[in-house]
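Subject: Two-chain model, handover and notes

Hello,

Here is the structure I promised to pass on.

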Amino acid sequence: MEKQDGKYLTFVLGNEGYGIPILQVKEIIGMMEITHIPKTPSFIKGVINLRGKIIPVMDLRLKLDMETQEYTERTCIIVVEIIVNQVKRFMGIIVDMVSEVVNIQQEEIEEALDYGAKVEGDFLTGMGKVKGKVFMLLNINKIVDFEEVVNLFNSELKEDIANV
Amino acid sequence: MSDEKDIDDIVKSFLEDDDKNRDQNENLVDEEFLNDFIQEATEHIENIEINALILEKEPGNEEVINSLFRSYHTVKGLAGFVDQDLIGKIAHQTETLLDGCRKKTIKANKNIVDIILTSSDYIKKICENISVAKDTNFLKEIESHLEVIFNAEKGIFNDITVELKPENPPKLGEILIEEKKINQEDVDKIIEKQKTEHPDLKFGQIAVKEKKVEAKDVIQATRIQQAKASISEDYMRISTDKVDSLVDMVGELVISQSLIEQFAISQLGTDNIFIANFNRMSRITKDLQNLAMFLRMVPLKSTFQKITRIARDTINELGKNIEFTTSGDETEIDRVITEKLLDPLVHLVKNAISHGIESAEDRIKAGKPPKGVIKVNAYNKRGSIYIEIIDDGGGINTERVYQKALEKGLIDTSKEYSDKEIQEFIMLPGFSTVEVANKISGRGVGMDVVKTEIQKIGGKVELNSIKGQGSSFVLKIPVNHAIMNGTVIDIEGSNYILPTINVKQILQPTSDQWIFMQGIRSMIKVREDIIPLVSIKKLFGKSREEEPVLIVIIELDQKYKALPVRNVVGRQEVVVKSVNEQFVNLGYVSGMSILGDGKVSLILDIENLFTSEGER
């Protein structure tokens, strides 16, 4: 993944700062009631109704193997837009708190691997340093790609049953 | 006539200018022009095909002839701009022929229709691949086609001329008979009465007066009549995105409105001016919602036109004597579904033409009229669209199919198979054999593909074949993405939706109704029937089973299953939305919907409850 400079929306998970390209953010909404979908991986929280559109929602903490936390009034759903096979898709991402929009220059972005980051390598496009703060820049397309996840989950489930 | 001359002059002067100052920049512009030309020409070709098919049915229709003439004329003009001389030539010659039809010096018949279609085919071929215009073989073909047109102008045909009969819109009485609302005898009586007693009244009025039919049936029949009589309607192109957004937003409007209504009733009660006015608004919103849903529905007309065209070509190619008819092309269906429907339909129709209908000699031997009949009928029944493909051919040769299935190891030799069961074998994957595959219908696509394609859009294929009498394939397709009557149920604290049409009964089970197997509550006895219980644990991958409070008996094809629920919340019209693609592999969900409280609920897939559930 190429390092991308430009405007990033930054947000917080615990005490870690993250950023995603602002161009991929459709909107930010407060926490709302989510319809659970059985037989999906735990990081998929379910679906929400965004003004008549049904959009899947994932918990980023769970996706990144972090501990869960109770949702508060600062918990937000960032609705991101990705393009899969030339078709626009939307996905809600639950984060602890949205911070600000920052402008990150090319020279302020460093390769993620140098820091031995906790987040799996291909989820990151790099590390951005702005005003003394460090943000992990997420590769949204990789994060929300769970096309195969449902299948994966089903086969895991079968194994579980077989093991019992 | 004068404006046509003008265009010719303009074209000529353009070509001359073009020769004078050609440079590289212009070549680039040319390419752009060429793409525009191809796009525009393709649209005209589409128009030509549709009109040619109408002309075949209504040879006297001057409007259609004029429209065909104009289309070819425009294509000719456009071809001149982009230096496509070959297209220009074909279009010019065909245009001259049509001019003859216009002036009534040439009579439109089947041969003329053939020529019109062949011309459009050649133009289409060139548009698809410009370089084909340099192929010598292709040029020869064109040359001979131009000669055919030239001869046709003089009234010389290679084939025997087939006169075409005009087709009038059906009479109201005929429609009513077709709809089984009235019988022929009554129709005759009414016509008699119209002549003698009520010359001032219309057929429908007398029919209602004589209490032969109900007024609503007459209204329905006049609608059908109008739909059949109108040749073309005006359309405008709207992107599906816009329509989808409109449907979504209207759906939200309905939800917001019901939230306001609930609050207002709780605060003010029902007997006041606010609620009265509010109810009036609700009705408008409801109409608006129906209209919005309706926008996405298109008649099957264009699908049927495409099929008719393909069928016609296939029949000609195979030299068979077959009458191909369609009915019910006014039946409306979601646009997305029509797209997915085309390939399976084409396959079935081609199959019927190439394998269904026997040769004329065989038909005569079997005591049938030499001309075979293939009908494609569409109609709307109980919330589903039915499309039948019926032929009066030889039917499926069950012995042959049995033999083939035996070779493929699909047969359990110890078991007796009914004819119907044997016929079903052709729907199995990999059954498409030499017997089924040939140039026309083969191409590696078997009946199993038809079946899976139809299943993908939530439909079913039913096959009925009687040896010696013919076969019928019935496609049952849901009017999906539309409004469905749903029963909202509560399973372990979450709301789910069942199609009400599949809900047979709701009951509160008593302890003596349960049947346990190996310590697991697995069936319920309802009167004399023993009905298997759906395991929520297996269905939703839960760790334990909950004590059922209520049981919903669901029905599919006369089979029953008992679904344990906590509560039945209610029954309402729901707007079915497709499942997000990330979740399509979850078999138990067939759709989603936004309920009155604004929350998303999952629509359970009934078929899945009967098939895969319990196997895992």
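The notes below go from the overall picture to single residues.

This is a predicted model: local features need pLDDT of at least 70, side-chain atom pairs count only at pLDDT 80 or more, and totals for chains, interfaces and linings use all residues. Residues are numbered from 1 along each chain as its sequence is written, and chains are lettered from A and ligands numbered from 1 in the order in which they are written.

**Confidence**

The predictor gives the complex an ipTM of 0.81. The pTM is 0.51. Among the elements of chain B, helix H1 (residues 2-20) has the lowest mean pLDDT, 51. E18(B) has the highest, 92. Two stretches of chain B need care. In residues 158-167 of chain B the pLDDT is below 50, and the stretch has 16 contacts in the model beyond near neighbours in sequence. In residues 433-444 of chain B the pLDDT is also below 50, with 18 such contacts. Where pLDDT is low, the predicted coordinates should not be read in detail.

**Chains**

Helices (H or I, at least four residues) and strands (E, at least two) are DSSP runs, numbered from the N terminus. Chain A has three helices and eleven strands. From the N terminus on, its elements run β-β-β-β-β-α-β-β-β-β-β-β-α-α. Chain B has 20 helices and 18 strands.

A residue is buried if 20 or more other C-beta atoms lie within 10 Å of its own, exposed if 12 or fewer, and partly exposed in between, with C-beta atoms placed from the backbone. By that rule, 31% of the 164 residues of chain A are buried. For chain B, buried residues make up 33% of 616.

Two residues are in contact if their C-beta atoms, placed from the backbone, lie within 7 Å. Take the contacts with a separation of 6 or more: in chain A, residues 24 or more positions apart account for 52% of them. In chain B, the figure is 64%.

**Interface**

Contacts between the chains involve 21 residues of chain B and 20 residues of chain A. On the chain B side, the elements that give two or more residues are helix H11 (240-268), strand E17 (589-594) and strand E18 (600-604). H11(B) gives the most, with four residues. The chain B side divides into eight nonpolar (Ala, Val, Leu, Ile, Met, Phe, Trp, Tyr, Cys and Pro), five charged (Asp, Glu, Lys and Arg) and eight polar residues (the others, Gly among them).

**Cores**

A nonpolar core is a set of buried Ala, Val, Leu, Ile, Met, Phe, Trp, Tyr and Cys residues joined through C-beta atoms within 7 Å. The largest has 71 residues. Which residues have the most contacts inside it? They are A:Val47 and B:Leu604. Not counting residues up to four places away in sequence, A:Val47 touches residues of chain A including A:Ile34, A:Ile54 and A:Val57. A:Val47 also touches B:Asn580, B:Met592 and B:Val600. Apart from this core lies another, of 38 residues, among them B:Ala41, B:Ile90, B:Leu117 and B:Ile126.

**Sheets**

Two strands pair if DSSP finds at least two bridges between them. In chain A, an open sheet of six strands has the order E8-E1-E2-E11-E10-E9, with mixed pairing. Strands E8 (97-104) and E9 (109-110) of chain A stand at the edges, each with a single partner strand, so one side of each is left without a neighbour in the sheet. E1 (6-13) and E2 (16-21) of chain A pair antiparallel over six bridges. A:Tyr8 stands opposite A:Pro21 in E2(A).

In chain B, strands E2 (322-327) and E4 (372-381) run parallel, joined by six bridges. B:Thr325 has B:Lys375 in E4(B) as its bridge partner. E4(B) also pairs with E5(B) (384-391), antiparallel, over eight bridges. There, B:Tyr379 is partnered by B:Tyr386.

**Positive phi**

Most residues other than glycine have a negative phi. A:Asp65 has phi near 60 degrees. A:Asp65 sits in the loop between H1 (60-63) and E6 (76-84) of chain A, and is exposed, with 10 other C-beta atoms within 10 Å. B:Glu492 has phi near 50 degrees. B:Glu492 lies in the loop between E8 (483-491) and E9 (494-499) of chain B, and is partly exposed, with 15 C-beta neighbours inside 10 Å.

Best regards

Note on methods:
pLDDT is the predictor's confidence in each residue, from 0 to 100.
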